[in-house]
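Take them in order, with the viewer at hand.

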Amino acid sequence: MAVTATATPKSPRAPGVITVYRAMDGAIHHTRCRRRMTYQGTSASGLELEFYCASCHERVVLPEIVAAVLPVASGAA
């Protein structure tokens, strides 16, 4: 099981998240396999949200602020 929180800078102030995206239905999906991720809970500090991809068996941890502003992918299923 891998822990991933990947961002590539598009500008100095706004990094882009490439590991997950928000689909039109509002759910968070894994970019690698395009499957819906399940919410597992929060970290001990309560500032990070944990998601799990049953297809890839990968855990993704996102800061709460990043999860709140994920852009919606218009062509995603």
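1. Let's begin with the cysteines. A search of the whole structure turns up 0 disulfides, a disulfide being a pair of cysteine sulfur atoms within 2.5 Å. For Cys 53, the closest cysteine sulfur is in Cys 33 at 3.4 Å, so the two are too far apart for a bond. Cys 56 is in no disulfide either, and its nearest cysteine sulfur, again that of Cys 33, is 3.6 Å away. As for cover, Cys 53 is buried at 0% relative accessible area, while Cys 56 is partly exposed at 23%. Here buried means under 20% relative accessible area, exposed means over 50%, and partly exposed is in between (1.4 Å probe, protein chains only).

2. Some background on the model. This is a predicted model, where local features need pLDDT of at least 70 and side-chain atom pairs count only at pLDDT 80 or more, although totals for chains, interfaces and linings use all residues. Residues are numbered from 1 along each chain as its sequence is written, and side-chain values use heavy atoms, with hydrogens and water left out.

3. Now the overall layout. The protein has 1 helix and 8 strands, running β-β-β-β-β-β-β-β-α along the sequence. These are DSSP runs numbered from the N terminus (helices: H or I, at least four residues; strands: E, at least two). Of the 77 residues, 32% are buried. The accessible surface comes to about 5000 Å², and 57% of that belongs to carbon and sulfur atoms; the areas come from the Shrake-Rupley method with a 1.4 Å probe, and for residues only the protein chains shown count as cover.

4. What makes up the largest nonpolar core? It has 10 residues: Val 20, Ile 28, Met 37, Leu 49, Phe 51, Cys 53, Val 60, Leu 62, Ala 67 and Leu 70. Such a core is a set of buried Ala, Val, Leu, Ile, Met, Phe, Trp, Tyr and Cys residues joined through side-chain atoms within 4.5 Å. Both β7 (48-53) and β8 (58-63) supply at least two residues of this core, and β7 gives the most, with 3. Beyond its neighbours within four places in sequence, Ile 28 is in contact (heavy atoms within 4.5 Å) with residues including Val 20, Met 37, Phe 51 and Leu 70.

5. Have a look at β7 and β8 as a pair. They run antiparallel over 6 bridges, where pairing requires at least two DSSP bridges between the strands. Glu 50 has Val 61 of β8 as its bridge partner. The hairpin leaves 4 residues between the strands, and His 57 takes a positive phi near 60° there.

6. On to charges: there are 3 salt bridges, each with a side-chain nitrogen of Lys or Arg within 4 Å of a carboxyl oxygen of Asp or Glu. Arg 36 meets Asp 25 with the closest N and O atoms 2.4 Å apart. Arg 36 sits in the loop between β5 (28-30) and β6 (38-42) and Asp 25 in the loop between β4 (20-22) and β5, so this pair ties together parts 11 residues apart in sequence. Glu 58 and Arg 32 form another, at 3.1 Å from N to O. Glu 58 is buried at 3% relative accessibility, whereas Arg 32 is exposed at 60%. Arg 59 and Glu 50 also form a salt bridge, at 3.3 Å.

7. Last, the tail end. Ser 74 lies in the segment after α1 (64-68) and is exposed, at 66% relative accessible area. Its C-alpha atom is 6.3 Å from that of Met 24, 50 residues apart along the chain.
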